[in-house]
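Please look at the model shown below. The briefing that follows goes through its contacts by topic.

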Number of protein chains: 2
Amino acid sequence: MTDVRDAPVAARTRADEAPSASEPWFEGGPARTAAEVLDLLRRYREAEAAMRARARSSMRMNETDLRALRHLLRAQRHDDLVRQRDLAEALDISSASVTALVDRLERSGHVERRPHPSDRRSVVLVPTADTDREVRETLGDLHARMAAVAEDLTPEQLAAVGRFLSGMVDAVRSTGADERA
Amino acid sequence: MTDVRDAPVAARTRADEAPSASEPWFEGGPARTAAEVLDLLRRYREAEAAMRARARSSMRMNETDLRALRHLLRAQRHDDLVRQRDLAEALDISSASVTALVDRLERSGHVERRPHPSDRRSVVLVPTADTDREVRETLGDLHARMAAVAEDLTPEQLAAVGRFLSGMVDAVRSTGADERA
DNA sequence: GATGATCCTTCGACAATCTAGCAACGTGGG
DNA sequence: CCCACGTTGCTAGATTGTCGAAGGATCATC
């Protein structure tokens, strides 16, 4: 499922951290060319997509429903109310699709419709306690592992990664804007 | 469409490249915390997803068809033959879906069915000349901009980014594997 | 050559999405 | 106060992309 068969580069990473003795690779890891780094970014994208596919399969859910759940859990952490309308905008689907989506999530016990405190037209969506637990279990300690990697970097390395990622965001943002309107 | 409203961090990047005078930020960009870097990665993911949505809309195509096209163009650069079966595996969809998919792409003039040189059961899929051009136009010089960012980094910075991305790949790969089989 | 595997297609079903239209509710000006 | 208009979520019907099952043609093997 788009995952294995290209492990070598990723797997080599930790093993090669022993300094090459001729060049001062401090604690920075192996040498990389620009092309290799871009290829690594591609590999990250693919690994991430594969992970989402696994999560989708594990929770028996389609992509949109999973995105909705993540949006709801995120909003819950910020104590934000989420109406169906908000979900429609966040997921870029029609309000009719959101109705169907919430029907599914409600039927599977992942979300509850609550009356909006100040607007009787609206519905407030609340993820179930089980949902939070299920997502955490499915993701394992993904965030912790990612944080550990980032926290292992020196300030200079963090700055380098920050610069790189910012550049990637800018590069990607200024693409495909040739659309009508 | 999930894109704007969070520009500050990305926008700040280039502007802040002037050294802060108290700490030696060589040519490394602004200081970053681990949390900020992970947030940047999330922003990259969202920007990338938004770009794909724009490309999809611009070429009037769904996600799968676009992935198929990218796969075909990539294979063409490597002089690899792609049968429908290969596409089914690469995209993780059924052979029936591939038939429908290729029907669509053929009808829209993006791909041609050619006889396989040595297997008369198979069909070799070849992207049209226009397809390559259209994709290039849609993506603009995305790859050039990304390459420019990477090539602007020092070897130490490249190594740092490589280490970070490898770590992210490993973190993501070892997630959600709690699935049956 | 016969037999089983592989490649693609067709068919019917289903899930997820869309648009259009509607009823309930909120908002602001006479 | 009330009325016109915008907003919110729901329903109905159509469309799209996917699947599984079955079948015909071809390949590979004994």
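How many residues of chain B are in contact with chain A? In this predicted model, 59 residues of chain B are in contact with 60 residues of chain A, contact meaning that the C-beta atoms, placed from the backbone, lie within 7 Å. Local features need pLDDT of at least 70 and side-chain atom pairs count only at pLDDT 80 or more, while totals for chains, interfaces and linings use all residues. Residues are numbered from 1 along each chain as its sequence is written, and chains are lettered from A and ligands numbered from 1 in the order in which they are written.

**Chain B against chain A**
- On the side of chain B that touches chain A, α8(B) gives the most, with 19 residues; helices are DSSP runs of H or I, at least four residues, numbered from the N terminus.
- By class, that side of chain B has 32 nonpolar, 14 polar and 13 charged residues (Ala, Val, Leu, Ile, Met, Phe, Trp, Tyr, Cys and Pro count as nonpolar, Asp, Glu, Lys and Arg as charged, and the others, Gly among them, as polar).

**Helices α3 and α4 of chain B**
- Thr64(B), Arg67(B), Ala68(B) and His71(B) in α3(B) meet Leu87(B), Ala90(B) and Leu91(B) in α4(B).
- This contact of α3(B) with α4(B) has four nonpolar, two polar and one charged residues.

**DNA strand D**
- Of the 22 residues around DNA strand D, those that come nearest are Arg85(A), Ala96(A), Thr64(B), Ala96(B) and Ser97(B); a residue is near a strand if its C-beta atom, placed from the backbone, lies within 6 Å of it.
- α5(B) gives the most to the surface near DNA strand D, with five residues.
- The residues of this surface divide into seven nonpolar, eight polar and seven charged.

Conventions:
Contact = placed C-beta atoms within 7 Å. Helix = DSSP H or I, 4+ residues; strand = E, 2+ residues; numbered from the N terminus.
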